[in-house]
Structures are given as C-alpha cells and as structure tokens.
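Hi everyone, thanks for coming.

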Amino acid sequence: MTDEPTIHAVPTQYAGTLFRSRLEADWAHTLSTNGTTWQYEPETITLPSGTVYIPDFWLPELGTWIEVKGPGIPRAEKTAELAQTRACHCARECTCRWPGGELVILGRTSLGPLPGARGHRPTCGYANWETPYGPSAYSVTCPACRRVQWITLRRPWRCRACRNGLEKQPVYRAVDRQLRFAEATSGLGSAFTMPDLGSPFTDDTGATQ
Ligand SMILES: [Zn+2]
Ligand SMILES: [Zn+2]
C-alpha cells in the first residue's frame, strides 16, 4: 500500500462520543453525512458460544450492525458469529423485522480515489466494507426514503427502513467507489480535540523577581 503507518487506536471525540479509534469516528461521520442514524456500542451481546461481544455501531433504522476493523485486525470471529446468529432463519417467506434479518457489516479502512494513487491518507476516499459471514453486501440508495444502506442480493430486495422495492436500483460493491468516506478528524469543521497545552506566553512572565 502506501508508506502511511497503519491506524493506531487513538481515542477520538466526535459528535459528543468518545470513540476508541479515529477510524471509528470517521465511520460515524460517514454515517452522519449520509443521514444515517447510528448508535455507538449500544448493547452488550452474549453470543451462542458464550462470548460476550459489544459491536461498534447499531443502525436502528436499517437493522444493521457495523464492526469497524482496521487493517491490522483481520480476524473477526465474534462479528461472524453475530452475523450468523442474527441473519434470517425463516423456513419460508421472511417474516423478520428487517428483510433478510439483521445485517452485519465489517467497516474497513477506506479505499483511495484511484488504485495506486500516491499520497492519499488511509481515511480519505471511499467507504470500504465486507461481510463477516454469508453473501456480500452492496450499497444502495432507496428511491422512496433516500436512505443509504447495505443489502445482500438475496430476495426480497426491499429497503430495510421503509420496505420499498429496490429491484430497479443500482447496487455497488465497495470497489466501485460510490460511497464517499468522510473524515471526521481533520479539515474545516474538525471534530478532533487538541490536547490542552495551556496558555502559550504571557506578558507578565518574569515581571516580579
Ligand atoms: Zn427472515
Ligand atoms: Zn426506503
């Protein structure tokens, strides 16, 4: 890749929430930019294996979990178990609250504007994701409610929020670079909080000795 160092877990403040890493804050900002309601670590889940797991994001309108995993953390057994557990298990027609059951996405470090482009930072560019279990997820925008979301290509193809049909909508893989990844931690309107270093120089320094 580039000569950028891999992302270290730097606790980062965004939208009144302290995230464990910059990448998580950037995912929150990306979701907010798309008008997606998110909750950060809202639930502690005990998986069937007995493992206790706190997924990063729950999207309550979309019935979707997002676990953010940087490049140095490729393994995602807990996330895969959550995905398997919460996926649709309906014998016939799906009667889940969300079409196809709850969806679980792995949020990755963003894709650069162009493959091999020099100098791009790992958190700029386009959203990058995978599924930890089951079929691939594609991004799609509902024509009725305009919500950006992820779906699999299993039928029925319905908006996870409003249930509108999505049959004629274009769907995109991450590598298609259609979903912009918004950086929360630099530039104008930055949500990054600099450490308090105190006042720099004062006029009365050394005034009385
Ligand atoms: Zn179902
Ligand atoms: Zn919709």
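So, how are the donor residues of the zinc ion (ligand 2) spaced in sequence? The pattern is C-x2-C-x13-C-x2-C. Before going on, a bit of housekeeping: this is a predicted model, where local features need pLDDT of at least 70 and side-chain atom pairs count only at pLDDT 80 or more, while totals for chains, interfaces and linings use all residues. Residues are numbered from 1 along each chain as written, chains are lettered from A and ligands numbered from 1 in written order, and side-chain values use heavy atoms, without hydrogens and water.

Back to the zinc. Its protein donors (N, O and S atoms within 2.8 Å of the metal, or 3.2 Å for Na, K and Ca) are the SG atoms of Cys142, Cys145, Cys159 and Cys162, lying 2.3 Å from the ion. The angles among those 4 donor atoms run from 105 to 120 degrees, and the site is tetrahedral, meaning four donors with all angles between 85 and 135 degrees. Cys145 sits in the loop between β10 and β11, and Cys159 in the loop between β11 and β12, so this pair ties together parts 14 residues apart in sequence. Strands here are DSSP E runs of at least two residues, numbered from the N terminus.

Is Cys159 buried or exposed? It's buried, at 0% relative accessibility, while Cys145 is partly exposed at 24%. Buried is under 20% relative accessible area, exposed over 50%, partly exposed in between, with a 1.4 Å probe and protein chains only.

Last one: Gln149, in strand β11, is buried too, at 0%. Its side chain reaches the backbone nitrogen of Arg160 at 2.7 Å.

Conventions
Helices (H or I, at least four residues) and strands (E, at least two) are DSSP runs, numbered from the N terminus. A polar contact is a pair of N or O atoms within 3.5 Å; within protein, one must be able to donate a hydrogen and the other to accept it, and residues adjacent in sequence count only if both atoms are side-chain atoms. Four donors count as tetrahedral if all angles lie between 85 and 135 degrees; four count as square planar and six as octahedral if opposite donors are over 155 degrees apart and all others between 65 and 115; anything else is irregular.
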